[in-house]
Amino acid sequence: MTRTNTHLLALNGFIAAAYAALTFVAAAMNLAYGPVQFRVSEALTVLPFLFPGTWPGLFVGCLVANLMSPYGPLDILIGSAGTLLAAWLTQRTNHPWLAPLPPVLSCMVLTGGMLTWYEVGFSAQFPALFAANALWVGIGEAVVCYLLGMLLLRGLPRVPSLRRYIPEARQGLARARKE
């Protein structure tokens with residue numbers, strides 16, 4: 001069965017809702033915003049590897065989630081753009097082990113920079129604090145994307161009702177990783 005525009009729209013809507021809901025749960029535990037964050041919803045940023053065309057859903061979900069950010073419009077704009085870039089680049093990766101890398105790097109640079117600017121502006125403290133913020137954000141993102149994201153990449157192709165929506169070439173890559 002081929003994927004239609006309706007299927008893709010529905011999948012994007014589901015992903016957007018899941019991303020926002022998971023972020024709100026993480027926020028309730030003080031894990032979604034700030035330099036030390038384990039935003040479980042970021043594991044979903046690997047989905048464009050399996051389901052090309054789902055980057056808009058991730059962007060919308062992040063945008064909705066960042067409406068609650070304590071960093072205000074800055075996080076709404078930059079944080080959401082970081083997730084958009086990460087998901088778009090993930091769609092273009094060729095190996096499942098590379099799929100989590102764009103979210104980690106994008107979040108490190110953009111979210112780390114946004115947090116640093118929010119805290120000290122472009123003062124003399126910016127370079128050192130950026131390095132620290134990027135490191136902490138990157139560690140959290142790597143944990144979420146490489147642990148939970150890889151579980152998604154490994155498990156979703158095994159779900160028969162989802163397998164038909166994953167391009168054959170991507171199913172082979174996911175299977176090659178398991179063997």
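Colleague: Does N12 count as buried or exposed?

Modeller: This is a predicted model, in which local features need pLDDT of at least 70 and side-chain atom pairs count only at pLDDT 80 or more, while totals for chains, interfaces and linings use all residues. Residues are numbered from 1 along each chain as its sequence is written, and side-chain values use heavy atoms, with hydrogens and water left out. Buried means under 20% relative accessible area, exposed over 50%, and partly exposed in between, with a 1.4 Å probe and protein chains only. N12 has 9% relative accessibility and therefore counts as buried.

Colleague: Which backbone oxygen does the side chain of N12 reach?

Modeller: The side chain of N12, a residue of helix α1 (residues 5-28), reaches the backbone oxygen of G53 at 3.0 Å. Contact means heavy atoms within 4.5 Å, and, leaving aside neighbours within four places in sequence, N12 is in contact with G53, T54, W55, P56 and G57.

Colleague: Why do the buried residues of α4 line one face of the helix?

Modeller: An α-helix has 3.6 residues a turn, so residues three or four places apart point the same way. The buried residues of α4 include G79, G82, T83 and A86; seen down the axis, the buried residues of α4 fall within an arc of 165°, so they line one face. The face turned away from that buried side carries the exposed residues P73 and L77.

Colleague: Which helix gives the most to the lining of the largest pocket?

Modeller: Helix α1 gives the most, with six residues.

Key
Helices (H or I, at least four residues) and strands (E, at least two) are DSSP runs, numbered from the N terminus. The arc is that of the directions from the helix axis to the C-beta atoms. A polar contact is a pair of N or O atoms within 3.5 Å; within protein, one must be able to donate a hydrogen and the other to accept it, and residues adjacent in sequence count only if both atoms are side-chain atoms.
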